[in-house]
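Reader: I would like to learn how to read this model feature by feature. Please give the rule for each feature, then the case.

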Amino acid sequence: MSAMFSKNSSLNVPVRPAFFFISGFSNIPHSNYYYIFLSFVYVVTMLGNLFVMIIIYRDRSLHTPKYMAIFNLAIADVCESTALIPNLIKTFLFDSQEISYEACLANMFFVFFFSCMQSTTLVILAYDRFVAICFPLRYHAVVTNISMGVLITVTWTFNSAVMSFTVVLINRLSFCKSTVIDSFFCDYGPVYRLACNDYSLNIIMAYLNIAIFIFLPLTLIGLSYICILVALFKITSWEGRLKACKTCFSHLTLVSIFYIPTACTYITAMTVSIHRNAKIINTSLSYSLPPMINPIVYSLNTADIKEFFAKKMFRANTLSTVTALEE
């Protein structure tokens with residue numbers, strides 16, 4: 001392969017392998033149990049998010065800007081998990097760690113794209129809470145279904161453009177030595193580090209993505225909640241403050257679940273050396289658990305969804321009682 005690389009490098013033609021090999025959890029003891037755990041996580045993720053999406057779709061009272069964003073978050077959760085976990089299950093079931101070059105880039109794009117959609121949607125939800133609490137009289141004029149639709153469309157367009165450019169940069173690299181990706185999916189960093197030619201542009205893009213989709217959203221969410229705290233102190237009654245806080249609780253929970261593990265993983269990786277297995281387990285959990293927990297948090301802590309579910313249960317119980325009496 002080195003001879004091929006020297007020949008192609010003189011022609012400035014990148015050397016692309018037919019396949020990559022994803023090392024995954026192969027060096028982790030008792031990894032079979034972890035694959036089973038991830039399978040369970042995937043099933044719960046799909047059921048939970050589909051449950052939330054069906055409720056929002058069927059209940060017309062939930063056709064509001066806030067629930068448009070929650071619906072968008074559920075789509076991102078389902079798609080990110082589907083891009084990530086089924087490939088891991090396939091590795092477990094068929095003992096196949098091989099993935100074609102094109103499939104690897106597709107996997108890289110979809111995992112990162114939908115992960116970024118989760119991040120930007122949490123910012124949109126923070127904006128919704130900011131306007132609702134800081135400018136309550138103007139909320140329905142500022143945050144409309146049309147404005148929310150525009151915001152969501154902009155995030156889809158921006159995220160797809162950034163991720164497309166990020167992934168396309170891989171095509172300029174030549175892979176002349178190892179093709180083993182030291183990760184559990186086609187992760188950007190482990191892939192470009194396999195290249196034999198200069199990948200400094202990929203490093204810049206990696207740090208830029210971390211800044212845009214992790215630390216910038218965290219900063220914006222933090223600033224929005226500082227403004228919300230200031231607005232809460234202006235509310236005279238404790239009852240009013242508590243009511244306003246309750247509307248933020250679900251969102252703050254999702255923000256903590258999504259950003260804290262991811263940010264800690266990136267900061268730790270950049271500052272100290274951590275064991276490979278610990279890094280892979282931490283990263284896989286930070287990708288797989290938030291999509292599972294998000295619908296659970298919103299189902300348990302959102303009054304509108306609980307009310308809809310209670311109405312359906314009451315209607316079902318009433319129908320069964322009437323049927324029993326008729327018999």
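Author: Start with a helix. Helices (H or I, at least four residues) and strands (E, at least two) are DSSP runs, numbered from the N terminus. The expected span of a helix is 1.5 Å times one less than its number of residues. Helix α4 has 34 residues and reaches 49 Å from its first C-alpha to its last, close to the 50 Å expected at 1.5 Å a residue. This is a predicted model, where local features need pLDDT of at least 70 and side-chain atom pairs count only at pLDDT 80 or more, while totals for chains, interfaces and linings use all residues. Residues are numbered from 1 along each chain as its sequence is written, and side-chain values use heavy atoms, with hydrogens and water left out.

Reader: Is α4 mostly covered or mostly open?

Author: Buried means under 20% relative accessible area, exposed over 50%, and partly exposed in between (1.4 Å probe, protein chains only). By that rule α4 is mostly covered, with 27 of its 34 residues buried. For the chain, 45% of the 327 residues count as buried.

Reader: How many helices and strands does the chain have?

Author: There are eleven helices and three strands. In sequence order, the pattern is α-β-α-α-β-α-α-α-β-α-α-α-α-α.

Reader: What does α6 pack against?

Author: Check its length before its packing. The 24 residues of α6 (residues 145–168) should span 34 Å at 1.5 Å a residue, and the end C-alpha atoms are 34 Å apart, which agrees. Its buried residues are M148, I152, T155, N159, V162, M163, T166 and V167. Contact means heavy atoms within 4.5 Å. The buried residues of α6 pack against α3 (65–94), α4 (101–134), α7 (188–192) and α8 (200–234). Across the chain, among contacts between residues at least 6 apart in sequence, 80% join residues at least 24 apart.

Reader: Which residues does T45 contact?

Author: T45 lies in helix α2 (residues 31–58). T45 counts as buried because its relative accessibility is 0%. Apart from neighbours within four places in sequence, T45 is in contact with D77, S81, S288, P291 and M292.

Reader: How many salt bridges does a search of the whole structure find?

Author: Side chains of opposite charge can pair when their charged atoms come close. The rule for a salt bridge is a side-chain nitrogen of Lys or Arg within 4 Å of a carboxyl oxygen of Asp or Glu. The search finds one. D128 forms a salt bridge with R129, and the closest N and O atoms are 2.7 Å apart. D128 is buried, with a relative accessible area of 1%; R129 is buried too, at 10%.

Reader: How many aromatic pairs are there?

Author: Rings of Phe, Tyr and Trp (its six-membered ring) pair if their centres lie within 6.5 Å; planes under 30 degrees apart count as stacked, over 60 as edge-to-face and the rest as tilted. The count comes to 24 aromatic pairs. The ring centres of F20 and F175 are 5.3 Å apart and their planes are at 85°, so the pair is edge-to-face. This pair links distant parts of the chain, 155 residues apart: F20 is in strand β1 (residues 19–22) and F175 in the loop between α6 and β3 (180–181). Both F20 and F175 are buried. Separately, F25, Y34, Y35, F37, F92, F112, F184, F185 and Y287 form one aromatic cluster.
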